[in-house]
There are 2 protein chains.
Amino acid sequence: MLPDAVMQKAQQEMLDWNGTGMSVMEMSHRGPEYTKIAEKAEADLRELMGISDDYAVLFLQGGASLQFPMIPMNLLRGKKTADYLNTGAWSTKAIAEAKQFCQVNIVTDSTANHFTTIADPEQWSLSNDAAYVHYTPNETIHGLEFADIPDVGDIPLVADLSSTILSRPIDVSKFGMIYAGAQKNIGPAGLCIVIIRKDLLGDVLPGTPTMLNYKTHADNGSMFNTPATYSWYLAGLVFDWLKQQGGLEAMAELNQRKAAKLYAAIDGSDFYSNPVDIRYRSWMNVPFTLADDKLDKQFLQQAAEQNLLTLKGHRDLGGMRASIYNAMPEDGVDALINFMNEFERKNG
Amino acid sequence: MLPDAVMQKAQQEMLDWNGTGMSVMEMSHRGPEYTKIAEKAEADLRELMGISDDYAVLFLQGGASLQFPMIPMNLLRGKKTADYLNTGAWSTKAIAEAKQFCQVNIVTDSTANHFTTIADPEQWSLSNDAAYVHYTPNETIHGLEFADIPDVGDIPLVADLSSTILSRPIDVSKFGMIYAGAQKNIGPAGLCIVIIRKDLLGDVLPGTPTMLNYKTHADNGSMFNTPATYSWYLAGLVFDWLKQQGGLEAMAELNQRKAAKLYAAIDGSDFYSNPVDIRYRSWMNVPFTLADDKLDKQFLQQAAEQNLLTLKGHRDLGGMRASIYNAMPEDGVDALINFMNEFERKNG
């Protein structure tokens, strides 16, 4: 989902960007117009997230899934082991891919509790010689989210922020690397943003393709080859919109309020339920089930009639899932809650 | 460059695709609406190019540059050597990357003639045990293009068709694999199309990331992870437009006429020149120089005033370069020729 204002601006500028007579899609990525667009997007992202010059900001392709192998290829730097926290489907995927390249030590594993809670840090087993620690701050399928950034000492912390980036302020300086597929909380599919500490660049595993070496992209301003120009431009429009909304503090307030409302509606009813430990409930993805799952189909159908779309839960979990990313306005959440109440009244 | 009709349709549909109230950018890539878009694009491409069911058609990310490592990783299949033809900057890049993964045998090398001609096949040195033969049918910087598909017997032939795909009919059955970054002759950056014989899939080098295994994408309809949905949609609009134009036979006729006109204007003048062997001149990229390169800047400036843009030659070569891809209408070429004649009259 993209903010309406962003979509309208994109539509308006589609055939003629800024009086140039050119569409952004038709610009050379090395030309002066596109350079301006690309640089402004990076500057706005740095401003929004408070990213210092110690970090490179990269605009890549291939989604978070291509980061899964790139992370060990780039960040092992002579070490043999990496630490991974397993708190859901995305961490599980990252772990499976990392195992092709190194020994993976599982720091904590929420599989046994069906990804409904996260063990306390005292119970974690961090290794002594890990090259890095990887975790997924928010898991989209089970709606499980870390409340705080894990403290892993001096070992570089790597986070898949695909589903929470820009939803609230975050202290980037606590991370070795942050990555985020853009299609959840930024907007356009086909773009992946990587924020990486510059001192971690350049020491890759033998056999790492040039395109999978972060240094290649850092040294070339993400223009070693043609980037996903239009998605980068759209991301820039979203960054600009976020600044106009009051930045990440304002988004945090709004997102927390949206999530709180929806969980209150679920918890206040015997008809709906969410199984996640209240300390680790996601602000972004709210899975819930109906007391009688034979009503699921009817629920989805009637919701769709009210233009409440994509509420079907992930196929691994069933039930429902509301994804209330940045671009979802508060009245969208209100409409969902009203519909849920109404549906319960009729069927409860 | 994208066809005007395609851009207008994209703009018109941007906020509401086909009465769904949804933008293509906001659709889930697994939803029924997007599935329809994706499948139609593939079907139209198969129809346009005459691609049989023996081939998988993949819609990937990362551009042609990510194909450079993927090709040896996927196509060596236990062999140690690959054959590469070097006819320009793009083949040179493909070769450099392949050398990380295998022994590269250079079949023919146009470096010494500054990429202005291609040696006759009798002078080529194909190896006996190559896993595949790679070449670049059209080199965009030097404007050097093969007139025919090389005959390499039973060894899979691999072609970087980024700059010529869809410009004319091509016998796909002669290839093991064709790949094409979409941003030259299809349209949207951020998409790379791969057409690969299915029997070549699945036997990858140890350590090949899941995302770089063609089989991953073939087995999942290019939806192993979120694809570049909007670029895929735009590509589909271009395929549809090409069908309306009469398909690739009609494009071939038009493109040949456009190129012939422009070369005739260059050859008919002492003021302009193109150094490429007349047998291997590109239909798509026409580099040319002015007799006096001190006039280059003035030429570019005055051309820009007439909305004739991006004529500056590649930084490695200097001079001018006209890229006359599918989306460039014939009257665009006519306008360029008129401008060139006028400029010569004033400055010749």
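**Entry 1: B:N307**

I looked up B:N307 and found it in the loop between α8 (296–305) and β12 (320–323) of chain B, where helices (H or I, at least four residues) and strands (E, at least two) are DSSP runs, numbered from the N terminus. The model is a predicted one, so local features need pLDDT of at least 70 and side-chain atom pairs count only at pLDDT 80 or more, while totals for chains, interfaces and linings use all residues. Residues are numbered from 1 along each chain as its sequence is written, chains are lettered from A and ligands numbered from 1 in the order in which they are written, and side-chain values use heavy atoms, with hydrogens and water left out.

Is B:N307 buried or exposed? I noted that B:N307 is exposed, because its relative accessible area is 57% (buried means under 20% relative accessible area, exposed over 50%, partly exposed in between, with a 1.4 Å probe and protein chains only). I also wrote down that phi of B:N307 is near 65 degrees, a positive value in a residue other than glycine. Most residues other than glycine have a negative phi.

**Entry 2: B:F115**

I then turned to B:F115, which has a positive phi of about 55 degrees although it is not a glycine. B:F115 sits in the loop between β3 and β4 of chain B, and it counts as buried because its relative accessibility is 11%.

**Entry 3: α3 and α4 of chain B**

I looked up how helix α3 (residues 63–75) of chain B meets helix α4 (residues 89–98) of chain B, and their axes come within 8 Å and cross at roughly 50 degrees (axes are lines fitted to C-alpha atoms, for helices over the stretch in contact, and angles run from 0 to 180 degrees between N-to-C directions). The two helices, α3(B) and α4(B), are therefore oblique to each other (angles under 35 degrees count as roughly parallel, over 145 as roughly antiparallel, 65 to 115 as roughly perpendicular and the rest as oblique). The contact is made by B:F68, B:P69 and B:P72 of α3(B) together with B:W90, B:K93, B:A94, B:E97 and B:A98 of α4(B), where contact means heavy atoms within 4.5 Å.

I also asked why α4(B) is described as largely enclosed by the rest of the structure. Seven of the ten residues of α4(B) are buried, so the helix is largely enclosed; I listed B:A89, B:W90, B:S91, B:A94, B:I95, B:E97 and B:A98 as the buried ones. These buried residues pack against several elements of chain B, including α3, β2 (81–86) and β3 (103–109).

**Entry 4: A:K261**

Last, I looked up A:K261, which lies in helix α7 (residues 247–267) of chain A and counts as partly exposed because its relative accessibility is 28%. Leaving aside neighbours within four places in sequence, A:K261 is in contact with A:E330, A:D334 and A:I337. The C-alpha atoms of A:K261 and A:I337, 76 residues apart along the chain, are separated by 8.1 Å.
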